[in-house]
Amino acid sequence: AFLGWLYSMADIHATSTVSQGSTEVGGPRIIPEEPDFLVPIGNLTTPVGREAVLSCTVEHLGKYRVGWLKAEDQTILSLHTKVVTHNSRISVSHDNHRTWQLHIRQVKESDRGCYMCQINTSIMKKQIGCIDVHVPPDIINDETSTDLSVQESENATLLCQATGHPPPRITWRREDGESIILRKGQRDIIKVETYNGSLLHFWKADRKQMG
């Protein structure tokens, strides 16, 4: 019985030794780092018709994938290296799977807005960058006053409408370089080199204000 117990203890000891040896050989299991963003995407301002490029820089991407979406309506633009939108002006590029760039060629006003860079981790990680598209100002001729004739002492109003983004500031000045004469009340008269605003009012106009 004693010998049998000794053999049993030897078996247990041998099993324990092998088990400990395999742990030492294999070492602790290394859990890979989850990917994360290195820097913010940032915002971008570009004139209409140019190319806009947003950059999303990721570290430790590993097996995970990066996607771009239009943040406003969650439209998927790309999944990793594949463009899934039907917009032919959009493409993606990457620098060794580290910096992922969204390219929008020939930018339109409809491209204005925010874009989301996503990593498909178990808890999704995302960053947002926005594009503002500048449109040069242009006068709307159909909605702008042409030559105007009024009787002396009548009121007159000139209107100028313009488009553009950011909204343009409208400034009036006389073509001959003289001051603009404006009335404020019955007797107060002011002279200005320029006047800002879409509407230019002349109260009780007189011939000195012709031009």
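Reply: The torsion about the S-S bond of Cys 56 and Cys 117 is about -80 degrees, so this disulfide (a pair of cysteine sulfur atoms within 2.5 Å) is left-handed. Cys 56 belongs to strand S3 and Cys 117 to strand S9, so the pair ties together parts that are 61 residues apart in sequence. Strands are DSSP runs (E, at least two residues) numbered from the N terminus. The model is predicted: local features need pLDDT of at least 70, side-chain atom pairs count only at pLDDT 80 or more, and totals for chains, interfaces and linings use all residues. Residues are numbered from 1 along each chain as its sequence is written, and side-chain values use heavy atoms, with hydrogens and water left out.

Me: Is Cys 56 buried or exposed?

Reply: Buried means under 20% relative accessible area, exposed over 50%, and partly exposed in between (1.4 Å probe, protein chains only). Cys 56 has 0% relative accessibility and counts as buried; Cys 117, at 0%, is buried as well.

Me: Which cysteine is joined to Cys 114?

Reply: Cys 114 is joined to Cys 130, with an S to S distance of 1.9 Å. This link is right-handed, with 90 degrees about the S-S bond.

Me: Which residues touch the most other members of the largest nonpolar core?

Reply: In soluble globular proteins, nonpolar side chains tend to be buried together. A nonpolar core is a set of buried Ala, Val, Leu, Ile, Met, Phe, Trp, Tyr and Cys residues joined through side-chain atoms within 4.5 Å. Here the largest has 22 residues, and Val 58, Trp 68 and Tyr 115 touch the most other members. Strand S3 gives the most to this core, with 4 residues.
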